[in-house]
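This briefing covers pockets, aromatic contacts and overall architecture. Please look at the sequence and model first.

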Amino acid sequence: MKLSEVKQILPTLDNVEFQLENGTFVPEHFHVTEVGVVTKNFIDCGGVIRNEKAVNFQLWDANDFEHRLKPNKLLNIIQLSEDKLNIEDLEIEVEYQSNTIGKYDLEFNGKTFILKNKTTACLAQDACGIPTEKQKINLTQLTNDSASCCTPNSGCC
């Protein structure tokens, strides 16, 4: 989800809610402690230099049970960040701590922002020699070549 999409959604909401993919809600007294741009410059295993940028939201549960972030307040934080940091309309990555700091993609289900689990991937699969799809073989197609089999009296063991 891009920053512009969040900015369009926020004015339509009464409350800002974030939910993990497993159904667990981020406590309603969370804080947005950071809005910024994260830039990642790296080289993949195929030797290609890459550059990625994303808008970063950091959510924090401060055990401040009286705190409730309203949509307009989050919109003001975003607008201030855009003005001061020259933030572009990029994809959003959310940081939220459970057992460790997790990084999530963001979606919206019509009522709640969903923190979508991110996974790692090889960006240079053609250089790694990893097949793109596992070959599927029907077991009935396998032949039993007795010459290549190891039998109890064959002396191969």
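**Pockets, rings and fold**

The second largest pocket holds about 160 Å³ of space. The model is predicted, with local features needing pLDDT of at least 70, side-chain atom pairs counting only at pLDDT 80 or more, and totals for chains, interfaces and linings using all residues. Residues are numbered from 1 along each chain as its sequence is written, and side-chain values use heavy atoms, with hydrogens and water left out.

**Pockets**

- A pocket here is an open set of points on a 1 Å grid over the protein atoms alone, where a 1.4 Å probe fits and protein lies on both sides within 12 Å along at least five of seven lines; lining residues have an atom within 4 Å of a point.
- Grid points are joined across faces, edges and corners, and a volume is the space filled by probe spheres set on the points.
- The lining of the second largest pocket includes N15, V16, E17, F18, F25 and R68.
- The largest pocket has a volume of about 640 Å³.
- Its lining has 16 residues, of which K40, E52, E93, K118 and T119 are the closest to the pocket centre.
- Two or more lining residues of the largest pocket come from each of β2 (30–43), β3 (49–61), β4 (92–97) and β5 (101–108).
- The lining of the largest pocket comprises 6 nonpolar, 2 polar and 8 charged residues.

**Aromatic rings**

- The whole structure contains 3 aromatic pairs (rings of Phe, Tyr and Trp, the last by its six-membered ring, with centres within 6.5 Å; planes under 30 degrees apart are stacked, over 60 edge-to-face and the rest tilted).
- F108 and F113 form a tilted pair, because their ring centres are 4.9 Å apart and their planes lie at 50°.
- F113 is buried, at 1% relative accessible area, whereas F108 is partly exposed, at 24% (buried is under 20%, exposed over 50%, partly exposed in between, with a 1.4 Å probe and protein chains only).
- Ring pairs join F18, F30, F108 and F113 into a cluster.
- The charged end of K40 sits over the F42 ring, 4.8 Å from its centre (the criterion is NZ of Lys or CZ of Arg within 6 Å of the ring centre and within 35 degrees of the ring normal).

**Chain**

- The protein chain has 3 helices and 6 strands (DSSP runs numbered from the N terminus: helices are H or I, at least four residues, and strands E, at least two).
- From the N terminus, the order of elements is α-β-β-β-α-β-β-β-α.
- Of its 157 residues, 29% count as buried.

Notes:
Nonpolar A, V, L, I, M, F, W, Y, C, P; charged D, E, K, R; others polar.
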